[in-house]
Amino acid sequence: MNDTAITVADTHQKALEVNLDATSFGSFAEIGAGQEVARWFLRVGAASGTVAKTVSAYDKKISDDLYGSGTRYVSRPRLETMLDREWKSLVQQVGDARGKDTRLFAFADTIAARNFAGTNDCHGWIGVRFQDLPLAEVSDILLHVNLRDNANPLQQEAVGILGVNLLHALLNERVTPDDLPARMFDNLANDRLEIDQIVMRGSAFAGCQMDQLHTALARDGRAQAVTLDRDGEAVAANEFLYKKSVVIVPLARDPRDDLSPEAIAACLETLRCEVAGNPEVRDIIDLRLVVVDSDAPLPAMGEGAAMVMRDRLLYRATAFVRRYTQAPLRFAMPLPALIRIFDDVRYQHLEGRLFEGIARLFGSDVRVLAYPCPREKLLDLLKTDPGRGWDVDGSGQWTTADQLRPAPPLRHLYEYLLASGFLVAMPRN
């Protein structure tokens with residue numbers, strides 16, 4: 001049996017198990033990617049035991065009539081309005097008849113699947129309002145998903161499988177919140193979709209540590225990155241980064257390699273002066289880049305928003321940010337971190353090795369703002385493997401990026417990056 005057949009069989013079995021469970025009953029409201037979730041439950045048999053109704057308010061005027069106007073059609077506010085209305089309708093229509101013995105649920109999604117021209121941001125919001133026991137207070141789970149398949153039918157298929165997995169995990173498996181992401185990806189490869197924001201509320205999710213849950217999404221590859229606002233709350237990157245100019249500050253495992261708040265402020269001011277008056281830039285934000293490639297505790301993020309990834313290669317951070325904004329992007333780092341990005345060992349997996357890695361890092365309007373480092377600290381680094389082959393000009397207390405000298409032939413590339421402005425030698429304030 002091939003992988004596709006296995007996926008169909010497993011998803012079919014899950015949908016059937018939900019249908020055969022007489023203790024759950026609910027409605028489905030889906031917009032934008034067909035009715036792929038409801039279709040699974042309708043086609044496997046015994047749907048009358050689970051499906052109260054299905055609806056797809058595909059036309060915008062119909063959608064506004066049902067759920068009101070004033071919100072974007074693919075957004076968290078729209079999803080929450082859908083859940084509110086469908087839950088109220090469900091309880092009014094079947095609550096008295098079924099409420100004592102049945103766990104009611106309302107499933108909703110609003111999706112922007114790939115358009116005909118392939119020019120849109122393919123993403124969506126999926127949510128379930130449900131009771132974990134008959135007559136219990138409701139609990140909600142909301143997901144922001146990015147669809148990564150390159151064809152509309154495949155994206156619809158992925159949404160259908162995800163929806164079946166989610167309902168089966170909530171209603172039949174009763175999985176713990178920590179185990180829920182893994183169950184949602186049953187029969188779905190990580191490269192087919194991403195979940196970069198989860199909202200959980202209600203008694204079914206009591207005690208869930210949302211920061212750990214979102215960290216696990218990035219660590220386990222279920223999102224290329226998770227963005228956190230200044231309060232540490234996960235936010236969908238397509239909204240958080242849209243048309244914003246970004247300064248990324250990689251956090252080092254060794255806190256001695258981190259930038260001071262004063263250095264970060266200087267890098268932000270450099271970018272702020274550069275984009276002043278640019279109508280294409282909505283705002284400037286600084287993101288702490290946090291790498292989670294193991295179960296080790298997160299480093300202290302300090303003030304500011306953050307981007308959590310499992311990959312240490314900075315060119316992948318460039319690629320992620322460029323999914324959502326073409327505004328100027330800057331990496332702010334001290335000289336020890338700068339030296340490490342020229343380590344050829346990091347790029348062994350690329351056909352073009354170091355050249356390809358550097359080219360990917362310095363994409364469109366991307367610069368590295370290299371902050372000075374105390375000379376003695378830098379000389380200590382040059383005695384270790386990461387710094388071998390590098391030298392320092394000058395004799396002052398502090399060393400700037402234009403005083404660093406790697407050995408040839410790397411020196412020629414390094415000097416080119418300095419001369420062309422890709423690498424900016426920040427002065428010490």
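**Stop 1: strands 4 and 5**

Select strand 4 (123-130) and strand 5 (139-147). These two strands pair in the antiparallel sense, over eight bridges. Now click on G127: L142 in strand 5 stands opposite. Keep in mind throughout that this is a predicted model. Strands of a sheet pair through backbone hydrogen bonds, either parallel or antiparallel.

**Stop 2**

Six strands form an open sheet, in the order 2-1-3-4-5-6, with mixed pairing. Which strands stand at the edges? They are strand 2 and strand 6 (193-201). Each has a single partner strand, so one side of each is left without a neighbour in the sheet. From one strand to the next, the twist averages 10 degrees.

**Stop 3: helix 2**

Select residues 36-43 to show helix 2. This helix lies across strand 1, strand 2 and strand 3, and runs at about 140 degrees to strand 1. Colour E36, V37, A38, W40 and F41: these are the buried residues of helix 2. Step on to G45, just after the helix, where phi is positive at about 105 degrees.

**Stop 4: helix 4 and its kink**

Next, select residues 76-98, which make up helix 4. Where is the kink centred? Look at Q92; the kink there is about 45 degrees. The buried residues of helix 4 include L79, L83, W87, L90 and V94. An α-helix has 3.6 residues a turn, so residues three or four places apart point the same way. The buried residues of helix 4 pack against several elements, among them strand 1 (24-31), strand 3 (103-112) and helix 3 (60-67).

**Stop 5: helix 3 against helix 4**

Show helix 3 together with helix 4. Their axes come within 10 Å and cross at roughly 60 degrees. Helix 3 and helix 4 are therefore oblique to each other. On the helix 3 side, pick S63, D64, L66 and Y67; they meet R78, T81, M82, R85 and E86 in helix 4. The residues of this contact divide into three nonpolar, two polar and four charged.

**Stop 6: helix 12 against helix 14**

Show the side chains of L354, F355 and I358 in helix 12, which meet L410, L413 and L417 in helix 14. What kinds of residue make up the contact of helix 12 with helix 14? They are six nonpolar, with no polar and no charged residues.

**Stop 7**

Most residues other than glycine have a negative phi, and most peptide bonds are trans.

- Zoom to P408 and P409, joined by a cis peptide bond with omega of about 0 degrees. P409 lies in the loop between strand 17 (404-406) and helix 14.
- Go to R174, in the loop between helix 5 (152-173) and helix 6 (180-184). Its phi is positive, near 50 degrees. R174 is partly exposed, with a relative accessible area of 43%.
- Finish at D365, in the loop between helix 12 and strand 13 (366-371). Phi of D365 is near 55 degrees, again a positive value. D365 counts as partly exposed, at 28% relative accessibility.

**Last stop: zoom out**

Show the whole chain. It has 14 helices and 18 strands. The C-alpha trace spans about 85 × 50 × 40 Å along its principal axes. Of the 429 residues, 51% count as buried.

How values were computed:
Residues numbered from 1 in each chain as written. Predicted model: local features only at pLDDT ≥ 70, side-chain atom pairs only at ≥ 80, totals over all residues. Heavy atoms only, no water. Bend = angle between axes of the 7 residues up to and from the residue. Helix = DSSP H or I, 4+ residues; strand = E, 2+ residues; numbered from the N terminus. Buried < 20%, exposed > 50% of the residue type's maximum accessible area, 1.4 Å probe, protein only. Contact = heavy atoms within 4.5 Å. Nonpolar A, V, L, I, M, F, W, Y, C, P; charged D, E, K, R; others polar. Pairing = 2+ DSSP bridges. Axes fitted to C-alpha atoms, helices over the stretch in contact; angles between N-to-C directions. Parallel < 35°, antiparallel > 145°, perpendicular 65-115°, else oblique.
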